[in-house]
Structure formats: structure tokens, C-alpha cells
Amino acid sequence: MNQNLVFDDFIARVRAFIGSSLSEPDSASLSAAPSDSEDFEDLALHLFRFQFENVPVYRRFCEGRGVSEKNVHTWREIPALPVRAFKEFDVSSLPVADRTSVFYSSGTAGQKSSRHLHSAVSLGLYESALLRWFSHCFLNFKDTALRVSDLGSNCDPFVGELAPSEKRRFVILTPAAEQAPNSSLVHMFETIKRVFGDCDSVFAGDADSQCGWTVNSSRVVAALENAILHSTPVIVLGTAFSYVHLLDFVASQHRRLELPVGSKVLETGGYKGRSRTLTKCELHSLIETCLGVSEAKIISEYGMSELSSQAYLRGGFFRFPPWAAACVVSPETGDEVGDGEQGLIRVFDLANARSVMGIQTEDLGVRRGDAFELIGRAELSEPRGCSLMAV
Amino acid sequence: MFADGGLSGDQRLFHSVVVAEIRYSLNMCVQLDLPHYFLADLPFGAEITHSMLSDACDTLIRNGENYLPEWTTEKLISMFDQLGHDWLNANFPHRKYALDQGPEVTGFSRQTLANGLDALFETLNRESLEELIIQDLGELNRLDGFADSRSGSRTRHAALARGPELIAQIAAGSIPNATILMIVFGMLARSAQLVKCASGSTFLPRLFAHSLYEVAPKLGACLEIVEWRGGDKHLESVLFEKSDCVIASGSDETLTAIRQRLPGRGRFLGYGHRVSFGYVTVESLASSRLSDLAGRAAADVVAWNQLGCLSPHVFYVEHGGRVSAVQFAEALAGELEKLEQSEPRGPLPTDQASTIATRRSFYELRASNSPETVLWSSPESTSWTVVYEADPLFQVSCLNRFVYVKGVTGLKQAIEGADAVRKNISTVGLASTGPRAESIALEFANWGATRICAIGQMQKPPLTWRHDGRPSLGDLVTWTDWER
């Protein structure tokens, strides 16, 4: 069978799994560990075999560990590729001709960017996954509303249209996709706006010539004031540093906005030296003060361009959707740590169909059941001593 | 031992007043069972206030004036010679204490601590102290009074060296060597000293200070050990105001920040962070037994868990010997595993272990995709890691026994590879034999290395070592020349 057809068939199965995973619009279905389902296990083991055979850099990595299709029996045994592989290699099973999109990591100044390659089909899977989990966590659709699972099948999940009354107002602090075509985050926001956004939803960020992002704070404030005037709830989407810029602007004008009831805020990503750094608590408190959105309505996202699914902070901990699983592993042994213990976050994401499903991140977390608490990035912590790298 | 008599009433009073000021949260002192001689003996979490620190500086200066003149150089040398011997004695209470409590407090394993203390205190003896004074000051008795230059000098010039009234030492990091030796040098210079340690790293300097206090309470009364979180400008300003010499170690940014805040008078000695590496020549690979050389290289990596600025990050190995650079790396890995059995690294906090795991997985990935990278690592732990890379570019290690081996065609390639850290190089450990050793040493010296030693000795500098190329004792003193 043609390799692409095998993958496309597999992707259709994952989409079906995504469609059926979240039958209830609230968190009831999250109490069980979805990754322990037979479907997840079956899909994960299939995907491992495909990827082992078709992603050369991954195959060599597995073989270096003495792992092959024959000795992986559960999804937890699937080798996780270090996330840095995306900086050094093309981590992809896609033939060159089918690589129609590429997402680069925003990266930290002076570092190489990672690249995540997509075809039209794998991009469709990314969109299905992000829409499904975002709507589940953020948008409480009424029964009558169109759900993402109803939005179509195969390559185009957006056949349907939401009723105008179900559309939401988004104010997005990043540049739009035409200014940042290689950002997976912007693609995510663009997709959300396209499917769920009303006609007054806006991107209010700009990209400069060095691909740095700035927030057009006046434009944001104008859009928010318009929503306040019409009592339209707003969903603000942005990176942590873009909020700092916006909130500093609002504070400098000695103003305080009171967003309409039902408004929400999503913040994601680190600061990467683009603004002063705040703790999550400080940021949320500032958002509450300046925008009038209570802590309960502020949601943090954990995502990266090397993944196709996102985790949202729910009930104090980050959770991935049922088609992705996060483990916290001991840096010493690589084994999963006990509940409440610290380690490195490892993610298995079925929506990473054409790259690699098992990703070893460089982020530290605390295991909380099948969810996790985020602590920070491992590479930033250096040992103490008088040597050069010491802090 | 020396009988210095009891402390004066005011000295005792000072300590008891300070201790009474503190509200206890967790009584570290009781846990460590040490008397309350120093501010660092106060309970964990005790707040050091501006006025406490100011009073401490005034007391130190006063005690220095009263007690230090009683000490001649000879008496100091005898005392430190004895103290050095004591610390090497397995039954010496402070050493026992350091080894019993140290693993939990410092994170170093008992054997790593024992070897580190041995290397340090083996240098603290009469012969080394005399050599140091003669090296830095020319004559042994110049700290006692005017002394002429050595015979043979045609001039009749005499000179006297005097140390600062109060030295403020701002110590960084968890390796005690530089801090402890600076206490010794400060005492030789008859200076009262306040040593401010990084938070959580007072343990060994404090034990040394206690051992000094036990044998010479009046000298101990001229020394203060204190700890607070770095960057407290309010407290630091007291030190800068009261002391006439500030010695600091830390990052270049830290040193620059301190320098900018010092009043115009007084002396500033800054020791920036440094890196070191080893260089293995083709002749040494041919003539030495590989396991012996690799064993000595491993000892350099293992000492103080590689956290010191004298610890090697990289071993450059010349191509073309009987043993290849990859074979050297493999032998080094084998020796690190052996040492892990006898001198374990000890547990690491999760963040530091994660840094190692993350870096290892990156090299594992490279190794699986290219023969130019090879990885050896301790099984089921992050205890040690060796990365061989064909690329000669210097890599700064994440430390805790993580070392690179890089093959090079010769000295030129190594020097070019390490160019990015040229201004931060401390030690080059050199394995070379015959006349080539001299020319290589000269090249490294011209390039900027301030210390060249045998592999296996990198973390064992002699007492006379000129720290970062400067005379440690000589930099403390101010001279008076008498042209009689």
C-alpha cells in the first residue's frame, strides 16, 4: 500500500477517535485516564510502527536504543524523541513534494529554530485536534450548536458553519497568519478565529522585520472597548509577553478595563526575553486588575510547535486531550515518576501523525495523576559552582 | 595547640546580643550542634539586619586592632600548619563532622568530600605557607616589620607589607577551597575578615572557621561568616562602606555590578567564573598506559563533582597516537564508572538531573545519526556522561560529571576550538612528555591560560597557585618602602 495512503487512512482513524473522544461538552469525561483506553493503545502502537518505518531519524534513534516494532508492547514503551531533534533534522515521514507547510518555533534569541513539517492532510488533523480541545475547554456550546465533531470529515473538517449567534468575539494579540505564516500558534489562533470567530474578531499584533512580535495596544484597547460598549463577551488570546506589553500600556494610561461578563483570557508561552518576566500568579493578577477578568476565567495553555495538541490548565493542572497523553519521567531512569513527584514532561500525541508521536520535552513538571503541573524549562537550570555556566 | 586565653567580655557580648535578636524558625545550629560563634551559626532563615552587620564590622575591626598584632608570621604559620594537619586526620572532630553531615548539607558524597578536603588541606602546611610568602612578598618576615631585600641586592631598601583593616569576601558557589584559603591569606596579612557566603554554602567555610576558633579564639574573633541571598544591596552597602578591601567571586555581571557600587577608596579583587580543559598529546597516548591516563582524567572530572573553575569541561585528544580519541573517551567512561563505585556523585536535584538528561538525549540522538558523535553514560542514572565529538568546538559542560572528549589534529585546532572561551580559561591539564611539553605550555600561556598542570592535578592546585594569574597574598597587601 502506498505510504501516503496508509497514513491518510490512519489519520482518518485518529480523526474519528478525536471526534468520539469528547462526547460531553464539560469535564465529566476527563475523570478517567483516556490514554488507558484500548483505542488509544491500538492507535499509538500502529502509529509507532508507521513512524519507525518511515521517519529515518526516528528509526535510527530507536535502533540506537535497541528498540524496534517487535519489542514495543504498550504505548508507554514507545521511545520519545528529544524535542531538539526538530532543530537538527527533518522529523517527518512526508515526501518532500507533500511538505506544504512548515512551522518554526519562535525560539530564544540566538538559538536554532525547530521545524515541524506538514502536508495538507496532517495540517487538517492539527486543526481538528486544536478545534476540538479548544471548544471543549473554552466554548460551552449549547446542544443546538454545531460541534466540531460535526464539522466534517477527512481533509476538511470545516464544512459546516456555526450559527451567527454561536460565534464568539476574539481579540488576538499576535500577528495574523499572513504576517507570521510559519507560526503554529498563529495558525492555531487563525483556525479558531475562522471557525468560531464573529466578523469583528481581530488580530491586533504585528510582526517586525526580524520576525519579532509586537502588540498594537491601541488597536487591542479599541477592540475591547467596542466589545464593552455592546456588552459582547470577548475571548482574548495571546502570549504571556504580549499581555505584559498590553497591560503595561493600559496601566500607563491609568486605565482599567472591565470586560463584559463571560469574557475569557488565554495565555500561552514563555517570555523569551521579549518582556519582563512575571510569574503566572503575577501575570494573572495583572490581567484581573487591568482587564477585569477573574482568575477563574484565565486559562493557560501549554503547547509547542513540535506538537499538534495542546494542554490547558484545568483544575490547577495541565491536561492534554484524550488523543494525547503526558507522562512525567525521572531524569535519572526515564521511568514514570510517582504521583506528586517531579520530572521531565514526555508527551505522546496521536495528532503528530506525520512527524513523531512520542516527544521528550525539556520541561519540568510534577505528576498529578494523568495531568501535570508545569515548573519550567530544564535547560535554564544550571548547577552551582564557580565554573562559567554556574548561576 | 595554642592557648590564647578566653574571649574578652565585649566579644562574647556581641554574639549573645545578636543571637538574642533572632527569632528562630528552624534551629539549624542545634541540628549541626555547633556553638554560636558566627552569624552563619544563627538558625536557618534568621534575618541578618543592616545594624547587625554594621555592628559586626565594627567589632571585627576593633578585635583586629586588639588581637591581630599579637600574631607573628611564624606563629600564624605554625598554627595553620597544625590546623592543616588536623584536618587531614580522620579523627579530627571538624573533619568527622564535615564528612558525617556534609553529604546531606552540601550534596557531595562522603568520599568526594573527603578527597576534596584532602586535596585542600594537603597544601596547608609550613613549607607551602613559607613558599607562598616568599613568592608573593619576597621575604618571610615582611608582614612583621621592615625587611631588607635578599642579600646581593645593591640597594639598602627595606619594605614592609600590611594587609587591609577589614576584608569583605563575597564568596560564590559550593566549592570551599578559594573561600577557606582566602581566610588563611587574610589572616597572614593581619586583616579582620567578613566572609559572606552564597545562601546554602556556608557549611565548609563555617566548619573551618570553627576549627580556627577552637585553636585560636582571638583570631576567630577577627573573622565573621555570614550568609544571605545575593543581591541584597542594603546589606552589601554596609560591607562596602566598612571594609577597605572587597574580594568577590561570581559572574562577570556580578563583579561589574559590585565594582560600580564600591566607594572610591579601598581595593577590589574580582574573580570571574572560569572554565578549564585537558590536552592529551599523541606522545602521551603512546607512552602512558591508557587506563592510568584516563584514570587521572576521570579524577579531575570527579573532584568536587566538576563544579569548580579548575574542573575540565573538555579533553582535547590528538589524533595519530596508538590510542584514538574515541578509545580515550571510552577508557575515560570506564574510569568514571569505576570511580562512581568508590566515590559516587550523589543525588542531584531534579532540575539539575533534568539538564543532564536533556543534554544526554540530544547527544544520543546525534550519535544515532552520525559516527562523529559517540555517547557513554551511566546506566539508570545521570551519574556520569562522556560525549565524544569530532567537532573541536569547545563545549561548556552542564557539569556534575559530564565531560566532552574531542579529537584534534594538533594544538592549533584545539586553540581555535576553544577561542570562544579564551578570556575565561583558567587551567589547562596537559598530558605531554619530552621537549614538546615546554613548547605546548608556552603556546597555552601566550594564548591566555593562567595555569598549566598535569592531568590528574587539575583540582589540586598548590597553595602558591596564582589565582587567575594574580598573586593571592600579594594582591592583598599595601607596601611601605623605606629607602634607608
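This is a predicted model: local features need pLDDT of at least 70, side-chain atom pairs count only at pLDDT 80 or more; totals for chains, interfaces and linings use all residues.
Let me begin with the nonpolar cores. The largest of them has 166 residues, and the residues with the most contacts inside this core are A44(A), F328(B), L332(B) and V405(B). If you look for the element that gives the largest share of this core, you will find helix α5 of chain A, residues 120-138, which supplies ten residues. To see one of these positions in detail, please turn to L332(B), which, leaving aside residues up to four places away in sequence, touches A294(B), A297(B), A298(B), V386(B) and V405(B).

Next, how many residues of chain B are in contact with chain A? On the side of chain B there are 37, and they meet 30 residues of chain A. Helix α16 of chain B, residues 350-369, gives the most to that side of chain B, with 16 residues. Sorted by class, the side of chain B that touches chain A holds 18 polar, 15 nonpolar and four charged residues.

Finally, the domains of chain B. The domain assignment places 9-145 together with 162-273 in domain 1, and 275-454 in domain 2. The centres of these two domains of chain B, taken over C-alpha atoms, are 33 Å apart. Between them, 14 residues of domain 1 are in contact with 13 residues of domain 2, and helix α6 of chain B, residues 110-121, gives the most to the domain 1 side, with five residues. That side of domain 1 has ten polar, four nonpolar and no charged residues.

Technical notes
Residues are numbered from 1 along each chain as its sequence is written. Chains are lettered from A and ligands numbered from 1 in the order in which they are written. A nonpolar core is a set of buried Ala, Val, Leu, Ile, Met, Phe, Trp, Tyr and Cys residues joined through C-beta atoms within 7 Å. A residue is buried if 20 or more other C-beta atoms lie within 10 Å of its own, exposed if 12 or fewer, and partly exposed in between; C-beta atoms are placed from the backbone. Helices (H or I, at least four residues) and strands (E, at least two) are DSSP runs, numbered from the N terminus. Two residues are in contact if their C-beta atoms, placed from the backbone, lie within 7 Å. Ala, Val, Leu, Ile, Met, Phe, Trp, Tyr, Cys and Pro count as nonpolar, Asp, Glu, Lys and Arg as charged, and the others, Gly among them, as polar. Domain bounds come from an automatic or database domain assignment.
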